[in-house]
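Have a look at the picture first, and then we can go through the contacts one by one.

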Amino acid sequence: MGIVNVTPDSFSDAGLNFEPEAAVASARRMLAEGAAIVDVGAESTRPGADAVSVDEELRRVVPVLEELHDAPLSIDTSKAKVARRALELGAELVNDVTALRGDPKMVEVVAESGAYLCLMHMLGEPRTMQDEPKYADVVAEVAAFLEERLTFAISHGVREDRICLDPGFGFGKTVEHNLALVRRLDVLLALGRPVLVGFSRKRSLGRLLGDPKATRGTTAASIGAALAAFDRGADIFRVHDVREHVEALTIAAAIEGGDGS
Ligand code: HH2
């Protein structure tokens with residue numbers, strides 16, 4: 001899954017794809033490089049980011065979706081109105097970082113459309129989520145949350161086979177919390193749904209490389225995290241650097257799937 005942030009303020013690619021033409025070109029490049037789907041978002045969720053109104057989110061995202069109507073797209077939004085418009089314009093997946101808690105109408109929009117859905121764990125909300133997040137047992141708590149959200153979605157008419165789950169790296173988590181979640185990915189996979197991981201360029205990676213004030217991680221560090229998650233069974237990788245991840249994961253998959261001959 002390639003990432004296109006149609007925002008002026010995302011942590012990783014601030015402003016790069018804010019103009020619709022640039023966003024469309026990036027999405028097409030990512031698809032050519034091997035992305036199965038491109039996740040288009042118009043509201044940054046970085047810690048401390050400002051909220052964006054429905055109208056502004058639509059103004060940013062609609063021209064991009066219109067131009068890419070023939071491409072496999074995901075919409076990164078927690079607003080039902082934005083999701084509905086995106087699905088009308090051909091998006092196939094709703095990536096809701098609030099896991100259907102942000103907008104009471106979201107579950108209905110997803111259920112009625114038959115779209116795919118990504119349910120992500122977040123502790124708190126983006127403005128404050130990195131202020132000393134605490135868990136008794138991060139892996140068990142994230143798994144319990146995702147299980148509850150999965151049950152909620154299914155009981156409101158979303159088909160189970162359309163849903164994937166995401167531990168939400170960096171969303172109310174310290175470096176150690178993120179690492180524990182990758183290490184014990186088996187606990188999330190035991191919920192029976194594909195797992196999506198989004199470690200790409202996240203600040204934890206930069207911090208692990210020795211800069212305590214890092215606000216982002218490198219491409220190589222992102223690939224290291226993706227491969228560790230792949231080894232433990234992750235299915236979908238939400239990434240900025242598509243070509244590099246496709247190359248690395250293709251080799252890892254070839255080794256994994258080898259018959260020894
Ligand atoms: N991370 C970000 C945004 N959306 N969605 C899912 N499912 N999983 C993630 O880990 C995830 C996500 C944050 O990354 P990015 O889109 O690069 O930055 P920003 O939110 O600042 O636009």
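Start with T45: one of its polar side-chain atoms lies 2.5 Å from an oxygen atom of the ligand. Keep in mind that this is a predicted model. Two other residues, D76 and R238, also bring polar side-chain atoms to the ligand, D76 to a nitrogen atom and R238 to an oxygen atom. Here are these contacts side by side:

| Residue | Ligand atom | Distance |
|---|---|---|
| T45 | oxygen | 2.5 Å |
| D76 | nitrogen | 3.1 Å |
| R238 | oxygen | 2.9 Å |

How much of the ligand's accessible area does the protein cover? On its own the ligand has 480 Å² of accessible area, and the protein covers 98% of it. You will find the ligand in the largest pocket. Two elements, β1 (2-5) and β5 (116-120), each give two or more residues to the shell around the ligand.

Now look at the shell itself. There are 20 residues around the ligand, and those that come nearest are S10, S44, T45, D166 and K202. By type, the shell has 8 polar, 7 nonpolar and 5 charged residues.

Finally, let's turn to the salt bridges. The structure holds 17 of them. In one, the side chains of D9 and R46 meet at 3.7 Å, N to O. D9 belongs to the loop between β1 and α1 (20-32), while R46 belongs to the loop between β2 (38-41) and α2 (54-67), so this pair ties together parts that are 37 residues apart in sequence.

Note on methods. Residues are numbered from 1 along each chain as its sequence is written. This is a predicted model: local features need pLDDT of at least 70, side-chain atom pairs count only at pLDDT 80 or more; totals for chains, interfaces and linings use all residues. Side-chain values use heavy atoms; hydrogens and water are left out. A residue is near a molecule or strand if one of its heavy atoms lies within 4 Å of it. A polar contact is a pair of N or O atoms within 3.5 Å; within protein, one must be able to donate a hydrogen and the other to accept it, and residues adjacent in sequence count only if both atoms are side-chain atoms. Accessible areas come from the Shrake-Rupley method with a 1.4 Å probe; for residues, only the protein chains shown count as cover. On a 1 Å grid over the protein atoms alone, a cavity is a set of points where a 1.4 Å probe fits but cannot get out, and a pocket is an open set with protein on both sides within 12 Å along at least five of seven lines; lining residues have an atom within 4 Å of a point. A molecule sits in a cavity or pocket if more than half of its atoms lie within 2 Å of its grid points. Helices (H or I, at least four residues) and strands (E, at least two) are DSSP runs, numbered from the N terminus. Ala, Val, Leu, Ile, Met, Phe, Trp, Tyr, Cys and Pro count as nonpolar, Asp, Glu, Lys and Arg as charged, and the others, Gly among them, as polar. A salt bridge is a side-chain nitrogen of Lys or Arg within 4 Å of a carboxyl oxygen of Asp or Glu.
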